[in-house]
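Reader: I have a model to go through before I set anything up. Can you walk me through it?

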Amino acid sequence: MNRLSIVLLSALTLMASSSLASAQDAFAETADPKITLPGLTEYAPASEAGDSAAIRRTVRVQAALTEAGEPLKYGLTWRIFHPAPDAEGKLPLLATSEGGSAEFEFEPGDYFLHVAFGRAGVTKKLTVPRDGPIETQHIVMEAGGLMLNAVSGIDARIPSSQLLFNIYKAEEGIDGEQQLVVEDVKPNTIVRLNSGTYHIVSEYGSVNAVIRSDIRVEAGKLTEAVIQHRAAQLTLKLVSEPGGEAIADTAWSILTSGGDVVSESVGAFPTIVLAEGEYTAIARNKNKVHQRDFTVVAGRNSDVEVLLN
């Protein structure tokens, strides 16, 4: 029952200069990043890189969200790599720095410079001359932020404990699959990303309430997206009379209108989330089977009572 969603979007422009502080604050909360460096997926630890007593030159580096943006003051991770892979085919990591702008001491030569801002990352080649002036390396991240949430039906609030989002690249890879960028993102978490279109998979509960959406992230902006789920939360009860006490030790199976089993559980009153549609609840208690057809209406949480025959 995967469906394309209705997504309500708002974008907060993160202006540079005078409003830089608010831009930084807007990106302060991020999902736990496990950065995959573009084109630099494997590298040797810094301790494995060579160290020389040759003359070194100072290079200053800085990064901004957009071409017109001021340099970011925090949230950056800088990594410097030797361009020649080691015996294992990994690029030796020479130095790292976290925060905002940074300075590094380099021997004259070529290097790879990578800067990460959350999940946004840029890699460029850096050439350090033996003499002459060295300009500050200014990198434009072309990055923005994405904050996700969801409702059920028109505007029914969904508890954050029942929502998860997975973020994929919108375009398919050479294997025909979309690359996972961030998984298990909680609602109202700001994820810093390179600008571009991303494929969002929103999961409400753990059964079949799954919505897919394509959302565009713009550089220098925080995009807030509210995804509309067509689902509801149901509490199952086996009762001897309407409104009666739920009977314990009951095994439950939920079937779609086509007869597919979508959920199985055991308990007096298990709670599940189901996508909008027609279902059959089957309750097994003391070797007897009881069932009832029911309809799930988006945003309308309710009890589903199955009567003893």
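Reader: Start with the fold. What share of the contacts in the protein with a separation of 6 or more comes from residues 24 or more positions apart?
Author: The share is 65%. Bear in mind that this is a predicted model.

Reader: How many helices and strands does the protein have?
Author: One helix and 25 strands.

Reader: And what percentage of the residues is buried?
Author: Of the 309 residues, 43% are buried. The protein exposes about 16,100 Å². Carbon and sulfur atoms supply 47% of that area.

Reader: Confidence next. What does the pLDDT average?
Author: The average is 86. At least 70 is reached by 83% of the residues.

Reader: Where does pLDDT stay under 50?
Author: One stretch is residues 13-23, with 18 contacts beyond four places in sequence. Another is residues 47-52, with six such contacts. Where pLDDT is low, the predicted coordinates should not be read in detail.

Reader: Noted. Now the inside. Which residues touch the most other members of the largest nonpolar core?
Author: Leu146, Leu148, Phe165, Ile167 and Ile200 do. That core has 23 residues.

Reader: Which strands each supply at least two residues of this core?
Author: Strands S11 (143-152), S13 (163-172), S14 (178-185), S15 (190-194), S16, S17 (209-217) and S18 (221-229). S17 gives the most, with four residues.

Reader: What lies apart from it?
Author: Another core, of 22 residues. Its members include Leu76, Trp78, Phe104 and Leu126. In soluble globular proteins, nonpolar side chains tend to be buried together.

Reader: Charges, then. How many salt bridges does the structure hold?
Author: Seven. Let me take some of them in turn. Arg56 pairs with Glu107, and their closest N and O atoms are 4.0 Å apart.

Reader: Where do those two sit?
Author: In two loops, 51 residues apart. Arg56 is in the loop between strand S3 (43-44) and strand S4 (57-64). Glu107 is in the loop between strand S7 (102-106) and strand S8 (109-117).

Reader: What about Arg60?
Author: Arg60 forms a salt bridge with Glu103, with 3.9 Å between the closest N and O atoms. Arg60 is in strand S4 and Glu103 in strand S7, 43 residues apart.

Reader: Is Glu103 buried or exposed?
Author: Glu103 is exposed, at 54% relative accessible area. Arg60 counts as partly exposed, at 36%.

Reader: Which side chain meets Asp110 in a salt bridge?
Author: That of Lys125, at 4.0 Å from N to O. Asp110 lies in strand S8 and Lys125 in strand S9 (residues 120-128), so the bridge ties together parts 15 residues apart in sequence. Asp110 is partly exposed, at 33%. Lys125 is exposed, at 54%.

Reader: With which side chain does that of His199 make a polar contact?
Author: The side chain of Asp214, at 2.8 Å. Beyond its neighbours within four places in sequence, His199 also has contacts that include Asn166, Ile167, Tyr168, Gln178 and Arg212.

Reader: And Glu98, where is its place?
Author: In strand S6 (residues 91-99). Glu98 is exposed, with a relative accessible area of 68%. Leu76 is among the residues of the 22-residue core.

Reader: How far apart are the C-alpha atoms of Glu98 and Tyr74?
Author: They are separated by 7.7 Å, and the two residues are 24 apart along the chain.

Reader: Last one. Where is Asn309 found?
Author: In the segment after strand S25 (302-307). Asn309 counts as exposed, at 76% relative accessibility. Leaving aside neighbours within four places in sequence, Asn309 is in contact with Val289 and His290. Its C-alpha atom and that of Lys288 are separated by 8.9 Å.

Conventions. Residues are numbered from 1 along each chain as its sequence is written. This is a predicted model: local features need pLDDT of at least 70, side-chain atom pairs count only at pLDDT 80 or more; totals for chains, interfaces and linings use all residues. Side-chain values use heavy atoms; hydrogens and water are left out. Buried means under 20% relative accessible area, exposed over 50%, partly exposed in between (1.4 Å probe, protein chains only). A polar contact is a pair of N or O atoms within 3.5 Å; within protein, one must be able to donate a hydrogen and the other to accept it, and residues adjacent in sequence count only if both atoms are side-chain atoms. Contact means heavy atoms within 4.5 Å. pLDDT is the predictor's confidence in each residue, from 0 to 100. Accessible areas come from the Shrake-Rupley method with a 1.4 Å probe; for residues, only the protein chains shown count as cover. A nonpolar core is a set of buried Ala, Val, Leu, Ile, Met, Phe, Trp, Tyr and Cys residues joined through side-chain atoms within 4.5 Å.
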